[in-house]
Number of protein chains: 2
Amino acid sequence: MARESKAPSERTRVKRVNQRAVYDRPGIDAILDAQPLCHVGYLRDGHPFVTPTFQWREGDTVYFHGSAASQALRAANGADVCLTVSCLDGFVLARSGFHHSVNYRSVMILGKAMPIEDPEIKNTLLNNFVEGLFPGRVETLRPNNDQEIKATTVLSLPISEASAKVRTGNPVDDDEDYELPIWAGVIPLHTTIGKPQDDGRVLDGVEVPDHVLNFGKNLF
Amino acid sequence: MARESKAPSERTRVKRVNQRAVYDRPGIDAILDAQPLCHVGYLRDGHPFVTPTFQWREGDTVYFHGSAASQALRAANGADVCLTVSCLDGFVLARSGFHHSVNYRSVMILGKAMPIEDPEIKNTLLNNFVEGLFPGRVETLRPNNDQEIKATTVLSLPISEASAKVRTGNPVDDDEDYELPIWAGVIPLHTTIGKPQDDGRVLDGVEVPDHVLNFGKNLF
């Protein structure tokens, strides 16, 4: 999986344990498409902040959004950001504390987060975000109105300066430690989808839609 | 849950949707103790970076660690950081795209990440991290050696400038939208623990320990 020479920039090159590095776009896209939760780093008054939010990918761009009044969105707007996506796949238990690890998939994208100004494009992007998670849902919804679109900031970030790291598999212990009578292996973690719960105000005759029943089959 | 007046600083005061704000320490600690995965924001060459790693809490301090050679640990060492912990509890489906949301618990801690220099204290802290996740495991392991302790950086961050945000429950739609024939509610998400898988090199007679069988009962 190591393709170190392909790092898009020095600052995205994975230097430690570089056999975990992934720089090819299909590998990066697969992680982005599996995990909508992301953590965006930005500066406010010179101090780094990290805000959890959601990203969605369209082609070579990731988008994230929030209230136009949000301090995070205002600070990130037009500014350098780091958008990081992580899936935690398991705890790795070794025969020494030092070699304990985790299995994970993560992507880091660096760049400037630029706002989408055109209200129609913004609306289309926001609908695409909903459709990506819940295919078919947008046409069932009350459409966004102008005020809602205005009150929402959508920021875009090109997937140009990006890298991923992936760890899978068993612990790697020091040779001599394999002689020790210690349990070692992996405890897998999964994100599972619970039973959908309506809000108690769904009108009679409205059934649970397929996009709810089938939610998340390709996620996490 | 709103206790806005208790924000420890202006920059940690939750300004938007402030009924979601949590500033009391038991509320903050419960989230930190439930989610070891964190995302640490720091600066490298003036650019914000966000690295996923793990945190553990002891009293009024959170710790995180990594290789002393790690670029992230080196950049965060002695520097301003933001450590953010997030649990994603569900997707909230409303009757308009605009009111879609998520249920979550998150904590943001700002401050300077200071290194633990004393090797004995460092070793104790690292063991505490393993014990916190897997009670009883450390005494079964090959102890850390001096070189391993030296090769590991442990950073501490006081829980003094911290805030949390929590959202629970149903979508909140515009009054008139409740008349629409649209399914609305919550799709819960859970982190579940899979069946432990030994690495195929566990010696005969070594059983799966309780700290593996019972892993994660109080997490996520």
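Which strand of chain B does strand β11 (residues 197–198) of chain A pair with, and in which sense, parallel or antiparallel? In this predicted model, β11 of chain A pairs with β10(B), and the two run in the antiparallel sense over two bridges. The legends below begin with this pairing and then turn to other parts of the structure.

**Figure 1. Close-up of the pairing between β11 of chain A and β10(B).** The two strands are joined by two bridges in the antiparallel sense, and D198(A) stands opposite G185(B), a residue of β10(B). On the side of chain B that touches chain A, β10(B) is also the element that gives the most, with nine residues.

**Figure 2. The contact between chain A and chain B.** The contact takes 74 residues from chain B and 74 residues from chain A. On the side of chain B that touches chain A, the elements giving two or more residues are β2 (37–44), β3 (47–58), β5 (80–93), β6 (101–112), α3 (119–133), β10 (185–193) and β11 (197–198) of chain B. By class, this side of chain B has 40 nonpolar, 22 polar and 12 charged residues. Of the interface residues of chain B, 99% are also interface residues in chain A, so the copies meet through the same surface.

**Figure 3. Overall view of chain A.** The secondary structure of chain A comes to five helices and 11 strands, and its C-alpha trace spans about 65 × 45 × 30 Å along the principal axes. Buried residues make up 39% of the 220 residues in this chain. Of the contacts in chain A with a separation of 6 or more, 69% are accounted for by residues 24 or more positions apart.

**Figure 4. The largest nonpolar core and the surroundings of L83(A).** The largest nonpolar core has 104 residues, and those with the most contacts inside it are L83(A), V107(A), L83(B) and V107(B). Not counting residues up to four places away in sequence, L83(A) touches C38(A), V40(A), Q55(A), V62(A), F64(A), I109(A) and L157(A).

**Figure 5. Q55(A), a buried residue of strand β3 in chain A.** Q55(A) lies in strand β3 of chain A and is buried, with 23 other C-beta atoms within 10 Å. Leaving aside neighbours within four places in sequence, Q55(A) is in contact with L32(A), P36(A), C38(A), V62(A), Y63(A), F64(A), L83(A) and V85(A). The C-alpha atoms of Q55(A) and Q35(A), which are 20 residues apart along the chain, are separated by 8.3 Å.

**Figure 6. A162(A) in strand β9 of chain A.** A162(A), which lies in strand β9, is buried, with 26 other C-beta atoms within 10 Å. Beyond its neighbours within four places in sequence, A162(A) is in contact with P8(A), T12(A), I28(A), V107(A), M108(A) and I109(A). Although A162(A) and L83(A) are 79 residues apart along the chain, their C-alpha atoms are separated by 9.3 Å.

**Figure 7. Helix α1 of chain A and its buried face.** In helix α1 (residues 25–34) of chain A, I28(A), I31(A) and L32(A) are buried. Seen down the axis of α1(A), its buried residues fall within an arc of 100 degrees, so they line one face of the helix. These buried residues pack against β1 (21–22), β3 (47–58), β4 (61–67), β5 (80–93), β6 (101–112) and β9 (161–167) of chain A.

Figure 8. β3(B) and β4(B) run antiparallel and are joined by four bridges, with R57(B) having V62(B) as its bridge partner in β4(B). The two strands form a hairpin with two residues between them, and G59(B) in the turn has a positive phi of about 60 degrees. β4(B) also pairs in the antiparallel sense, over seven bridges, with strand β8 (residues 152–158) of chain B, where T61(B) stands opposite P158(B).

How values were computed:
Residues are numbered from 1 along each chain as its sequence is written. Chains are lettered from A and ligands numbered from 1 in the order in which they are written. This is a predicted model: local features need pLDDT of at least 70, side-chain atom pairs count only at pLDDT 80 or more; totals for chains, interfaces and linings use all residues. A nonpolar core is a set of buried Ala, Val, Leu, Ile, Met, Phe, Trp, Tyr and Cys residues joined through C-beta atoms within 7 Å. A residue is buried if 20 or more other C-beta atoms lie within 10 Å of its own, exposed if 12 or fewer, and partly exposed in between; C-beta atoms are placed from the backbone. Two residues are in contact if their C-beta atoms, placed from the backbone, lie within 7 Å. Ala, Val, Leu, Ile, Met, Phe, Trp, Tyr, Cys and Pro count as nonpolar, Asp, Glu, Lys and Arg as charged, and the others, Gly among them, as polar. Two strands pair if DSSP finds at least two bridges between them. The arc is that of the directions from the helix axis to the C-beta atoms.
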